[in-house]
Amino acid sequence: MASRLDRTDLKILRLLQNNGRLSNAELAVSVAISPATCHRRTQRLFEDGFIATVRAMVAPKKVAKGTLVMVGVVLDRSTPESFAIFEQAIAKLKFVLDCHLVAGDFDYFLKIRVGDMEDFNRIHGEQLIALPGVRQTRTFFVMKEVVDNAPLEF
């Protein structure tokens with residue numbers, strides 16, 4: 001699929017990834033094409049799935065979600081059915097930003113944002129350990145975010 005992208009498409013993707021607020025006119029000037037051509041190309045990048053969505057990056061501390069927590073989850077069984085049941089349940093929890101099936105000591109890694117440790121303790125006790133199939137969780141409180149949600153390199 002990437003072979004269908006030319007230099008102009010790649011430049012559009014890079015520019016939008018760094019600043020999703022660029023207007024079509026600004027984007028067209030930056031890639032040296034007409035606004036109509038730029039609009040058609042950008043629409044095609046959306047339609048072909050190269051751009052999944054455009055959204056604002058909200059500053060977590062400004063909305064009282066400044067504590068970042070990573071949680072390793074071990075399920076009691078490693079079967080496709082238990083994975084599917086867990087994934088359906090975890091997808092309903094709005095405080096879970098990311099959920100990844102991983103290889104290694106854990107089955108899943110979760111990325112969660114909360115207000116503080118007390119907030120996480122409540123969520124953990126009421127919701128996380130009650131998820132179907134959860135045998136064990138291990139919690140990692142992030143002390144410093146060195147790189148977070150960096151743009152893709154391509």
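Colleague: What makes you say that strand β1 (residues 67-75) and strand β3 (residues 108-114) pair, and in which sense?

Modeller: Two strands pair if DSSP finds at least two bridges between them. β1 and β3 have 7 bridges, so they meet that cut-off, and their sense is antiparallel. One of the partners to look for is Phe-109 in β3, which bridges to Gly-72. Keep in mind that this is a predicted model: local features need pLDDT of at least 70 and side-chain atom pairs count only at pLDDT 80 or more, while totals for chains, interfaces and linings use all residues. Residues are numbered from 1 along each chain as its sequence is written, and side-chain values use heavy atoms, with hydrogens and water left out.

Colleague: What makes something a strand or a helix in the first place?

Modeller: They're DSSP runs, numbered from the N terminus: helices are H or I over at least four residues, strands are E over at least two.

Colleague: How many bridges join β1 to strand β4 (residues 134-141)?

Modeller: There are 7, and these two strands run antiparallel.

Colleague: How many disulfides does the structure hold?

Modeller: It holds 0. To count, a pair of cysteine sulfur atoms has to be within 2.5 Å.

Colleague: What makes the phi of Ala-32 worth a look?

Modeller: Most residues other than glycine have a negative phi. Ala-32 isn't a glycine, yet its phi is positive, near 60 degrees. You'll find Ala-32 in the loop between α2 (24-31) and α3 (35-47). With 69% relative accessibility, Ala-32 counts as exposed. Ala-64 also has a positive phi, about 60 degrees, and sits in the loop between α3 and β1.

Colleague: Why is Gln-127 called partly exposed?

Modeller: Its relative accessible area is 27%, so Gln-127 gets that label. Gln-127 is found in helix α5 (residues 117-128).

Colleague: Which residues is Gln-127 in contact with, leaving aside its neighbours within four places in sequence?

Modeller: Those are Leu-93 and Phe-95. Contact here means heavy atoms within 4.5 Å.

Terms used
Buried < 20%, exposed > 50% of the residue type's maximum accessible area, 1.4 Å probe, protein only.
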